[in-house]
Amino acid sequence: MAQVPNPQETVHQRFAEQARRTPDAIALTCGRQRLTYAEVERRASSLAQRLLALRVQPEEPVALLMERSAELVVSVLGVLKAGGCYLPLHGANPAARHRTVLDEAGARVLLADRTVPELDTRGLTVLDTAEATAVPEDAVGPAEPQVPCTGGRLAYVIFTSGSTGTPKGVAVTHQDVLDLVDDGLWAGGRHERVLMLAPHAFDVSTYELWVPLLRGGHLVLAPPEVDVDILRSLITTHRITGLHLTAGLFRVVAEAAPECFATVREVMTGGDVVSPAAVARVLETCPDTVVRALYGPTETTLFATQHLISEPPRGDVPLGRPLDGMRLHVLDEKLALVETGEAGEIYLAGPGVARGYLGQAALTSQRFVADPFGTPGSRMYRTGDLGRRNAHGDLEFLGRVGNQVKVRGFRVELGEIETVLARVSGAAQVLVISHGEDTNDRTLAAYMVPGPGGGLPDDEELARRLGETLPDYMVPSSFVRLRALPLTPNGKVDYRALPETRRTGAAGGPGPRDAREEQLARLFAAALGVPRVGIHDDFFDLGGSSLAATRLISRVRSELGIRLSMRDLLDRRTVAGLSAATGEKSDAGTEGLRPLLKLRAQGSDTPLFCVHPGGGMAWCYVGLLRHLPKDIPVYGLQARGLTGLEPVAADMAELVEDYLAQIRRIQPAGPYRLLGWSFGGNAAHMMAARLRRAGERVSLLAVLDASHGGARSAPRSLSRRDTLKLAFDGLPAFDAEPDAGQIPAERVQQILRDADSPLAGIDARTVEAINATTTNNIRISDVARPEHFDGDLLFVEATDAAGRPSGLADVWRPYTGGTITRIQVEAEHLRLMTPAAMERIGPIVARHLEPTV
């Protein structure tokens, strides 16, 4: 049972007590960084003193724009010690939305681990978290801030989607957080070592941060990007005992690698409808692991109900029963209790019900209403969810009331999207609806009626404008233009009469021509949640998401016995294309190792040539394609020697001349567009210099975080493990290999298969050839000296784990005659090709593609 609440106690006081009890115990791990409870306490107190010097007032929101890191934990605790409340900003959101949230909250101070050039910081004091949270080892411990605070004070404010076009801030108190932490749900030692996967601006972080830290446990913070391989490694390496995954991610892992959870004591999931099949698969694979479904909105401090699942579900997974002290009511429109089995709206009351919406008294009074079943003065929260109690007393979810939906685990007010879309498009009428019965893979569609001028921007421009204000999950995947919205006889929108969007599949497309295409078409339709697809319909144009793509690849492997990769799907996006690819799988291991890789051969504009990194392969650039105009062909230049059938280049000059000959066979004359990451940036710079000396024009030279031999004091000497990691673009699984010098080819093959690498089918000879090519590339790069390029340079700099830029743009200044445009991306060097980094890099490259035709 929950312990008796102490209204005077606060979150930071509870942490300080734990630090006094176990000062030397490890509180958190982030990568290679580990901090004890005493170290976290000391750093947080130091930060609190600095915030007090800035005159942070009680309950004043202090904004946090940070990745998961040790500094994040210190910052959150430091804000609370100063008497303020923390205001998390999601790093993936556009700068305009950050500014809106900052203004709505009245924030004066921003703690950030990055620079956001587009963010308007007027009126803000911006502190760099690496500097603000650091305390010298020999420094005298800072005094504990003496700021009066009670459990009724605000601990944090999280902004969610708002129906009026402006996000609303949910204000949660210290007591709300402690009520969650003290719930009996966490007893039994299953949450001693918790993995933090959620962004800190997502309410699940309340569990991930405070349940382990306020109960003497160990918090492990995941890196910014997590896939199934990384998740498996984190769970094993750090002996994770408890974690929470969104319903969508839980299903993906359950389908692809349920054995990930075998050593975990409890896996929790929720935030949307939980897949019974996914639960059954995990329970069958991991019989000793507890699986629990949880439900609750941000307004009730994360979790309000829970349901322990001990056997494969026979139907939908229920929401379960209330947490300690929480009360749930299923009511009709007159706020009367409905009978068991009857549908009604879900209301939640008791510990954890938030104070309300920050600065919005009217909206608070609408959603937080008097509880007629509680003590005088008590309130209950109107969730907007429909539910019913079953015969066992468990709550079942039936859907949503009104204009709110869930997309990718986030509650979204469709009215907010409609308001913003009307503003940026000039449309007279806008209607946004959600598509997809599967709530974990739901997409949005917008219907628009033009204004008096009659014109509307095209789809790409609409998406771009919305993306400047709204998070990506709130940007519709399709836009439909109508002369008028269809209406029912009583004047309401007739949703059934709305025309279908591309998300429903391409009607009239040719059907399958053979058994293989029939199987693939069925799997495409199942992954997309549509009745049928044509064999030439593009998976991603039909609304395929990353979760849907992962699901499709998994189904193709399990049902057809064919191991496809994400690269296969990106390259061959249709049933017909994948059918042809599956017929070539016997040769697929080396087909992608040819010197010229056609990433996108179609298009009438000037091509973009991408030079491989140190590993010699250019398939890593496929993530660029979705960000570049579709009429630009994209080619990858790959090293000779990858198949072991050709000699490697003797030096950088020989390699560059070979690559120039290849691009001239495709494009005999300029202007040329060149791009390269790491080693590829070094080679691309030399190629550009030689093209200019030959009198050719270079309209784009983009270098992604590259150094050169002239900047090194001596050639590098790398272990086999380090060389293999470079060869295969930073796969983290290599870090877990115990012997840096002895990793056999057979083990490399297994790592590639586990990671669903595009090279999963290569043989041992090809593994050794790729490793030898990488070693050679390192050798020739380390001794090569740059040549002078007299044009402009677009340079993308990576950052280290602490958010500090690499500074490598400076080493190219002596060798570049034009302007160097330096762009900083919050990703480490080996993570620059990840989807998250490409979301930043891709649009930058697209903007610098000077029109050439």
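Predicted model: local features only at pLDDT ≥ 70, side-chain atom pairs only at ≥ 80, totals over all residues.
Let's start with two helices: the axes of α3 (residues 70-81) and α7 come within 12 Å of each other and cross at roughly 80 degrees. A word on terms: axes are lines fitted to C-alpha atoms, for helices over the stretch in contact, and angles run from 0 to 180 degrees between N-to-C directions. Helices (H or I, at least four residues) and strands (E, at least two) are DSSP runs, numbered from the N terminus.

Which residues meet here? On the α3 side they are Val 73, Val 76, Leu 77 and Leu 80, and on the α7 side Leu 209, Trp 210 and Leu 213. Contact, here and below, means heavy atoms within 4.5 Å. Sorted by kind, the residues of this contact are seven nonpolar, no polar and no charged. In that sorting Ala, Val, Leu, Ile, Met, Phe, Trp, Tyr, Cys and Pro count as nonpolar, Asp, Glu, Lys and Arg as charged, and the others, Gly among them, as polar.

Residues are numbered from 1 along each chain as its sequence is written, and side-chain values use heavy atoms, with hydrogens and water left out. The score itself, pLDDT, is the predictor's confidence in each residue, from 0 to 100. The protein averages 85, and 88% of the residues score at least 70.

| Stretch | pLDDT | Contacts beyond near neighbours in sequence |
|---|---|---|
| Residues 503-508 | below 50 | 18 contacts |
| Residues 584-591 | below 50 | 13 contacts |

**The whole protein**

The protein has 24 helices and 33 strands. Of its 853 residues, 57% are buried. Buried means under 20% relative accessible area, exposed over 50%, and partly exposed in between (1.4 Å probe, protein chains only). Among contacts between residues at least 6 apart in sequence, 68% join residues at least 24 apart.

Strands pair if DSSP finds at least two bridges between them. Three strands form an open sheet in the order β24-β25-β26, with mixed pairing. Its edge strands are β24 and β26 (478-481), each pairing on one side only. Neighbouring strands in this sheet are turned by 20 degrees against each other on average, direction ignored.

How do β24 and β25 (residues 443-449) run relative to each other, parallel or antiparallel? They run antiparallel, joined by seven bridges. Ile 433 has Ala 445 in β25 as its bridge partner, and His 435 stands opposite Thr 443 in β25. Strand β24 (residues 429-435) is mostly covered, with five of its seven residues buried.

Helix α12 (residues 414-425) touches β24, β25 and β26, and its direction makes about 135 degrees with that of β24. Helix α13 (residues 459-467) touches β25 and β26, and its direction makes about 120 degrees with that of β26.

**A seven-stranded sheet**

Another open sheet has seven strands in the order β27-β29-β28-β30-β31-β32-β33, again with mixed pairing. β27 (596-600) and β33 (820-824) stand at the edges with a single partner strand each, so one side of each is left without a neighbour in the sheet. Within the sheet, strand β28 (residues 608-611) and strand β30 (residues 672-677) run parallel and are joined by three bridges. There, Cys 610 stands opposite Leu 675 in β30.

Helix α20 (residues 679-693) lies across β28, β29 (634-637), β30 and β31 (698-704), at about 155 degrees to β30. Helix α24 (residues 835-847) lies across β30, β31, β32 (793-797) and β33, at about 155 degrees to β33.

In helix α21 (residues 720-727), the buried residues are Arg 720, Thr 723, Leu 724, Lys 725 and Ala 727. Their cover includes α22 (745-754) and α23 (764-783).

Thr 173 lies in strand β8 (residues 168-173). Why does Thr 173 count as buried? Because its relative accessibility is 9%. Leaving out residues up to four places away in sequence, Thr 173 touches Gly 151, Gly 152, Arg 153, Leu 154, Ala 155 and Arg 355.
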